[in-house]
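Subject: Structure handover

Hi,

Here is the structure for you to look through. Please open it first, then read my notes below.

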Amino acid sequence: MQTITEALAELATIDKRLPKKIAEMLPYVARVEQIKDPFAKSGGSEKYLREQRQSVGDLLTRKVNLRAAIARANAETMIVVGKQEMSVGDWLVWKRECYAVYLDMLKKLLGQAQAARAEAVKRGVSLTTDAKATPDDIIVNLDEQELIAQIDDLEETFGRLDGLLSLKNATTLV
């Protein structure tokens, strides 16, 4: 058994070894008959290539098995960040695919509200959320303070999540 951190390190090592192994085989695919087979004493180039292909296949199988074990562990291991509990796998999806989109949306909304505020100041009119505004007033349909708080909460969640994921990877066995 190994931790997720160790499994991820092994995956990185496999990813470095594979191109080297493949490159090492290429010079022995074909040779002119006059040139002596460099592997003649150990069964010939054909045997060498077969063994190396098997070795590459074994590394790829190991990679699949490690990824599957990590995925299973991530699906089973739960993390609580703030008031939200999700599996590590779900948090990883949130971190990779949702966080930036949501943060960008909140910042764009805030930017629009701030631009409306600046326009109101420029025009000398009121900025309000009240439907009873005068015809010249600018109505903002969201709460800027709430947006700022949501951005802060989101960034805090992201920061806490990184630490918790590192801790779980170091302690969760696959």
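First, a term. On a 1 Å grid over the protein atoms alone, a pocket is an open set of points with protein on both sides within 12 Å along at least five of seven lines. A cavity is a set where a 1.4 Å probe fits but cannot get out, and lining residues have an atom within 4 Å of a point.

Some ground rules. This is a predicted model, where local features need pLDDT of at least 70, side-chain atom pairs count only at pLDDT 80 or more, and totals for chains, interfaces and linings use all residues. Residues are numbered from 1 along each chain as its sequence is written, and side-chain values use heavy atoms, with hydrogens and water left out.

**The pocket**

Which residues line the largest pocket? They are V81, G82, K83, Q84, W91, W94, D153, L154, E156, T157 and R160. Helix 3 and helix 4 are the elements that give two or more residues to this lining. (Helices are DSSP runs of H or I, at least four residues, numbered from the N terminus.) Helix 4 gives the largest share, 5 residues. By class, the lining has 4 nonpolar, 3 polar and 4 charged residues. (Ala, Val, Leu, Ile, Met, Phe, Trp, Tyr, Cys and Pro count as nonpolar; Asp, Glu, Lys and Arg as charged; the others, Gly among them, as polar.) The volume of the largest pocket is about 240 Å³. (A volume is the space filled by probe spheres set on the points, which are joined across faces, edges and corners.)

**Helix 1 and helix 2**

The axes of helix 1 and helix 2 come within 10 Å and cross at roughly 160°. So helix 1 is roughly antiparallel to helix 2. The residues of this contact divide into 16 nonpolar, 3 polar and 9 charged.

**Salt bridges**

How many salt bridges does the structure hold? There are 9. (Each is a side-chain nitrogen of Lys or Arg within 4 Å of a carboxyl oxygen of Asp or Glu.) One of them joins R62 and E10, with the closest N and O atoms 2.7 Å apart. R62 sits in helix 2 (residues 45-76) and E10 in helix 1 (residues 4-25), 52 residues apart.

Best wishes

Methods: Axes fitted to C-alpha atoms, helices over the stretch in contact; angles between N-to-C directions. Parallel < 35°, antiparallel > 145°, perpendicular 65-115°, else oblique.
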